[in-house]
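Biologist: Please take one part of this model and go through it closely. After that, carry on to whatever else can be said about the packing.

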Amino acid sequence: MAAAEFCTGKPLPSRLDCRMRSLLGWALLAALAAPSAPVAAQSNAERVANDSYTRSHDYDLLHQRIEVRNFDWDSTSLDGRVTTSLVALRPGLDSVILDAGRGLTVTRVVDARGTTLKSAAHGDTLVVYPARPVAFHDTLRFSIEYHARIDNGRGLTFIEPEGREHRPQQIWSQGEDENNHFWFPTYDFPNDKMTWELAATVPRQYTVVSNGRLVADRRNPDGTHTVTWRQDPGSATYLVSLIVAPLVRLADKWRGVPVDYYVYRADSSRARRLFGVTPDMIEVYSRLTGVRYPWAKYAQTTVADFFGGMENVSATTLVDWLPDERAYLDRPWYQWILIPHELAHQWFGDYVTCRSWSDIWLNESFATYFQAMWDEHHLGHDDFLYLDVKGNQDQYYTAWKAGSRRPIVTKNYASPDSVFDTYAYPRGGAVLHMLRTWLGEDNWWRAINHYLTKYANQPVDTEQFRIAIEEATGQSMDWFFDEWLYRMGHPIFQITKSYDAAAKKLTLTVKQTQKPDPDWQYPQVGLFQTPVDIEIVTSSGPRIERVNIEAREEQSFTLAADSEPLLVNFDYGNTLIKQVEFNKPTAELMYQASRDQDVMGRMWALGQLADGAHHSRKSLVVGRSLQHDVIVASTRMTAIHGATQRISPEAGGLSHIGGPAVNQQGAEPRMVHIDSLR
Ligand SMILES: [Zn+2]
């Protein structure tokens, strides 16, 4: 799931307020948000009640056929019949507990033999009593007929037309995290997967988009049609999607798989340019993961008042703010972030699905990082490091400074909604980049492929991902998961260096100065152990050496250097989430700003020069002037090249200073990232 910026001014359903997150605007949101104090210690009962723990269930949901009809916009209601097949997971199953919103009025429950079954509603729960207890591993099938009055925006959103072409009457669903049971009875937690059919009867002028493949579209004599979709293989119930709207379908294809874009007729001329990049993305993600796109089709459908994007399996829902010519500059996030993020979820979230909301990073951090790797593919490695890796790190630092602090994986949170935050998205994305760097390319991709293949169509938790890495590569990542997933914090390094010309040795002293906060109840890392890549440039050229920092307050490394280093770059590529204090002479900073082969080293040196706190007036002026040049150049490039959607060849002339900053295509991320130079 990804939330867009809130620049629309359109009203949004109030329940979505907490989802008003922006992938680009995390920093802003974090700054605006009141510091989130750690959740008070919770009892086990409270954690069960608020779904922090994986939920227990004494049946395995196999399949649901969901039939919905008689949609009424005035009363926001519908009629439904849901036929459920399940297998008992305990002997003598004598009651089936389903999630069913209190707005659902059950009129009849019958089993496969036509026997009427007793049922009882308790709040948002429906209990169905089988005619006789179901033996362990036996199957039970029953149908529930009901009338649903929807609290508009909970599970389903009914949009009233405003008499203009671009805002037709429509309905869309939003299941994540636990909202689909407000429009059909189901098991509304991600640790059980099922196959499903969805048959919607609607007036003939409306299109129905849902998951999986189109099975039937039958015309009825009363002017309606019944459209049936079937999702198989199965996935989690929060991914069941229904969209009813007057839409046109633009058909595309990837290797024989239908790739469809559903938009309002008024948007059809702009849609192909926007979405046409999708088959190429599917190709890249299939190739990178080694897992072919796993679903029968891929649809992207735009709807009104949506908060951004939602990765409903094989049928992503997106906000209807299709960029026009100007908006390609103002809101490049749509093509750059929204489309690749939701597509990546088709593997991470839909194919393998977090077992509980505690493990939501297995969905969101992976979608964040695969969107970043799409940038790496089409913009290049430098832009990826600068835009995405640093961007993710910066959003985390901002949240951290604002007091939003937790481990990525924790059972200690107030509600499932609250874990869709900086830690699930950018911080997790930054952690995955570290993991990839320390594992190396071969091991990383082998681990990703093994994880996806082994747990295909299953719910997963963080330990299963860790073990998949170990199985695929032999590398135990216990220490890494302990530091970066189960505990919070980051190292603060103080680096000093000295050179012994006679011995031709460089000595680096690394101090860790971070201090755990005694008032914070989450587990914290005291001292970090981590590899780090050191780049040493001497008159004979650059060299990169990986050293292992131990969990000690101070450690020294002695490294060979055939002449006095022209520059020493601690953490080549800026892999680590960290703060670093490394005072260098102005001459070295000047050299690094212009000559370091590492774009992140160049940008860091530039920042140090511009900072001016520790440097002469001259270096301050030079540094600011360099930075000014980058800003001016990038602004100019925006004007010249932003609308062309191409990377400017002229930008290469400046890339030795600020490559990524001047190479970006759209106005917004460029300025966001220029800001972070300061
Ligand atoms: Zn997402």
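Modeller: I will start with a loop. In this predicted model, R132 sits in the loop that joins strand 7 (125–129) to strand 8 (139–149). R132 has 11 other C-beta atoms within 10 Å, and because the cut-off for an exposed residue is 12 or fewer, R132 counts as exposed. Between R132 and L117 there are 9.9 Å in space, C-alpha to C-alpha, and the two are 15 residues apart in sequence.

For F370, once neighbours within four places in sequence are left aside, the contacts are Y285, P340, A344 and F348. In soluble globular proteins, nonpolar side chains tend to be buried together.

Last, a pair of helices. Helix 13 (residues 586–595) and helix 14 (residues 599–611) have axes that come within 7 Å and cross at roughly 140 degrees. Angles over 145 degrees would count as roughly antiparallel, so helix 13 is oblique to helix 14. The crossing of helix 13 with helix 14 is left-handed. On the helix 13 side the contact is made by L589, Q592 and A593, and on the helix 14 side by G601, R602, A605, L606, Q608 and L609. By type, the residues of this contact are five nonpolar, three polar and one charged.

Terms used: Residues are numbered from 1 along each chain as its sequence is written. This is a predicted model: local features need pLDDT of at least 70, side-chain atom pairs count only at pLDDT 80 or more; totals for chains, interfaces and linings use all residues. Two residues are in contact if their C-beta atoms, placed from the backbone, lie within 7 Å. Axes are lines fitted to C-alpha atoms, for helices over the stretch in contact, and angles run from 0 to 180 degrees between N-to-C directions. Helices (H or I, at least four residues) and strands (E, at least two) are DSSP runs, numbered from the N terminus. Angles under 35 degrees count as roughly parallel, over 145 as roughly antiparallel, 65 to 115 as roughly perpendicular and the rest as oblique. A crossing is left-handed if the near helix is turned anticlockwise from the far one by less than a right angle, and right-handed if clockwise. Ala, Val, Leu, Ile, Met, Phe, Trp, Tyr, Cys and Pro count as nonpolar, Asp, Glu, Lys and Arg as charged, and the others, Gly among them, as polar. A residue is buried if 20 or more other C-beta atoms lie within 10 Å of its own, exposed if 12 or fewer, and partly exposed in between; C-beta atoms are placed from the backbone.
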